[in-house]
Amino acid sequence: MNALLIHNDNLPSQLIDAFQHKMKFEVTQAALASPNFSFDKEADRELMFSLKDNRYNVVFLPVTLSDSNYLELSGLRLALHIRLSPLMNHTKVPIVFIGHESKEQLAKLSDYGAFLFTTGIFVTPSFDFSEVETYYDWIIKFWRPQSDSLLNEKEYANFLNKTKVNSSPNYLSHHSVENELALSRWSKYLNFDSAIPQVVNNINTELNFKHYAELYPVEPLDPIQVPEIKGAGSILLIDDEFKKGWSDFFKLLVKGNQDITYDHLDIDFKAAVSRAEIIGASTSKIIDFNPDVIILDLRLCDEDFDLEANPSELTGTEILKAAKKINPGISVIIFSATNKIANLQSLQKQGVNGFIRKDARNYRNSISELCGIIDASLLSASWLKKMYDKTDECTIHLKRQRKQRKLNGEFIRAIIIYLELAFDSLLSIRNRYGYDPSFTYYFLIIEACGKELIDENDSVKVGGKYYHKWRGSDQYLKHFDYNTKRKTGRRLESKNKRIVYNEKMLNVTDKANVKDVNIFKLVEIRNNFHHPDLIKNDSIALIQMGDTKDVFEVVYKLILSL
């Protein structure tokens, strides 16, 4: 008889001894009560060892394997592992439960009642080997004489759809289930699963994950199609599930890019004394590591799972605020299992740069969006962080000049306001016209500096022409040739005291002495934007990111020269 008997010495010894192929699955009440014991993990390990390299026609087992609690009905969960584990090579073999109860009686006692009424599941009240052997012969020869005794694809699909599998008692919250289910499927899709120990040894052994994987199978990508993070910079993961495989996942995601530095916040989130401790540790890590991008979970401590928790007070939200206070140019991507709209609205007000849901079902779109957002965030942070630091440097310099009474107070206040408005505009870009406001504010600063640095009434008239000096200096403004796009070296001259706008702006921008910036182009962009020729051109000038970066560099050098 090519059949396997699974037992825990809780069947008659004559029956056990008579079976040629048998497996003892020992699970004590003490083990079940232990918080570190995982029935699913143990079942997967033992069954894999006994089934993977063998081919049995039928599997027999008692309805329970407990040594002291008959109603625990662990045999049913063990049988489901056989049905849901393709690597064990016995997903479609008939399974026979040995016990006194009928299917109907067992269904009333177990959450797996529907499983009992799927094809290929049998129950026998006999504990006599000869009767069990007769039952085996009936299955092999007469159950379906026109075909083999294995379930067909339609029957297996029906089993998957009818059967409901609960999460293991080891999971304290739905949040943890969603996290690990997403990790399992995302890593499978990207061919990372075998390289993440937590997925191989823990997540993929859980029965509910096996059921989901069979019900909604993942087709892994061809290795050459695996998406790549192409940007450069540093990425920090702050997630209470980092030890459960998410940190390994992100390491593998950026592994092929030598221009990316990756790290995670390595603290024991469960042992943290308070939310404040987690926020403090996160803030210190952000300061020390100086990330360009932070991938941040929202719920990081037990308090966050309170149903009445205010989204704006979640630990992740507080860390988002802290990161933006350190440097608003840091890109923060929320990475969470939640999809509550209230959370998203709250985060947008705090300056979040993106939101990716740990979505097990829509894993393709989620992974594609994640890679896209990380790349975009690395790009924006690469210059926004530096721009913020330089803006802060400008503000400190201006305030010092005001304190020393070297510059007009109203002028300084105006410049600081323009700096803040320009940078805030950059942080809230939502479309291709998003650079327009910041470029305009920065040019207003150049214009204000022109008024401060040049007194048009203090000009020198020679032979009917006017020559202009820098305020408080003997140096004259220079002439610029629009044909050659160069400074000629001659003095700027005009027919009256008024200086042509372009000439004035070219002198002011040139004073900043910024290399590799085309000041002619900047002035031209400003003019085309504010005074578009809609007859000649059918659209307003589109200001690019590079234009804004260039005009800022002029502003930065100009302010520090004041």
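Let me start with helix α18, which has 18 residues and reaches 26 Å from its first C-alpha to its last, close to the 26 Å expected at 1.5 Å a residue. Please keep in mind that this is a predicted model. Of the 18 residues of α18, 13 are buried, so the helix is largely enclosed by the rest of the structure.

What does α18 pack on? Helix α18, residues 436-453, packs on a sheet, where it touches β11 and β12. The direction of the helix makes about 50 degrees with that of β11. The sheet in question is open and is formed by three strands in the order β11-β12-β15, with antiparallel pairing. Its edge strands are β11, at 454-462, and β15, at 493-494, each of which pairs on one side only. Between β12, residues 465-470, and β15 there are two bridges, again in the antiparallel sense. Tyrosine 467 is the residue that stands opposite glutamate 493 in β15.

I turn now to the other sheet on my list. It is an open sheet of five strands, ordered β2-β1-β3-β4-β5, and the pairing here is parallel. Which strands stand at its edges? They are β2, at 21-24, and β5, at 121-124; each has a single partner strand, so one side of each is left without a neighbour in the sheet. From one strand to the next, the twist averages 20 degrees. Strand β4, residues 95-98, runs parallel to β5 and is joined to it by four bridges. As for individual positions, isoleucine 98 has threonine 124 in β5 as its bridge partner. Helix α7, residues 129-143, lies across β1, β3, β4 and β5.

Is serine 74 buried or exposed? Serine 74 counts as buried because its relative accessibility is 2%, and the cut-off for that class is under 20%. Leaving aside neighbours within four places in sequence, serine 74 is in contact with Phe39, Val63, Thr64, Leu65 and Ser66.

Next, the nonpolar cores. How many residues does the largest one have? The largest nonpolar core has 61 residues, and those with the most contacts inside it are Trp186, Ile238, Phe249 and Phe250. A second, separate core has 50 residues, including Cys449, Leu453, Val508 and Phe529.

Among the buried residues of α14 are Thr315, Gly316, Thr317, Ile319 and Leu320. Lys324 also belongs to the buried residues of this helix, as do Ala322 and Ala323.

I close with the cysteines. A disulfide is a covalent bond between the sulfur atoms of two cysteines. How many disulfides does a search of the whole structure find? The search finds zero. Cysteine 301, at 9% relative accessibility, counts as buried. Cysteine 371 is buried as well, with a relative accessible area of 5%.

Terms used: Residues are numbered from 1 along each chain as its sequence is written. This is a predicted model: local features need pLDDT of at least 70, side-chain atom pairs count only at pLDDT 80 or more; totals for chains, interfaces and linings use all residues. Side-chain values use heavy atoms; hydrogens and water are left out. A nonpolar core is a set of buried Ala, Val, Leu, Ile, Met, Phe, Trp, Tyr and Cys residues joined through side-chain atoms within 4.5 Å. Buried means under 20% relative accessible area, exposed over 50%, partly exposed in between (1.4 Å probe, protein chains only). Two strands pair if DSSP finds at least two bridges between them. Contact means heavy atoms within 4.5 Å. Axes are lines fitted to C-alpha atoms, for helices over the stretch in contact, and angles run from 0 to 180 degrees between N-to-C directions. A disulfide is a pair of cysteine sulfur atoms within 2.5 Å. The expected span of a helix is 1.5 Å times one less than its number of residues.
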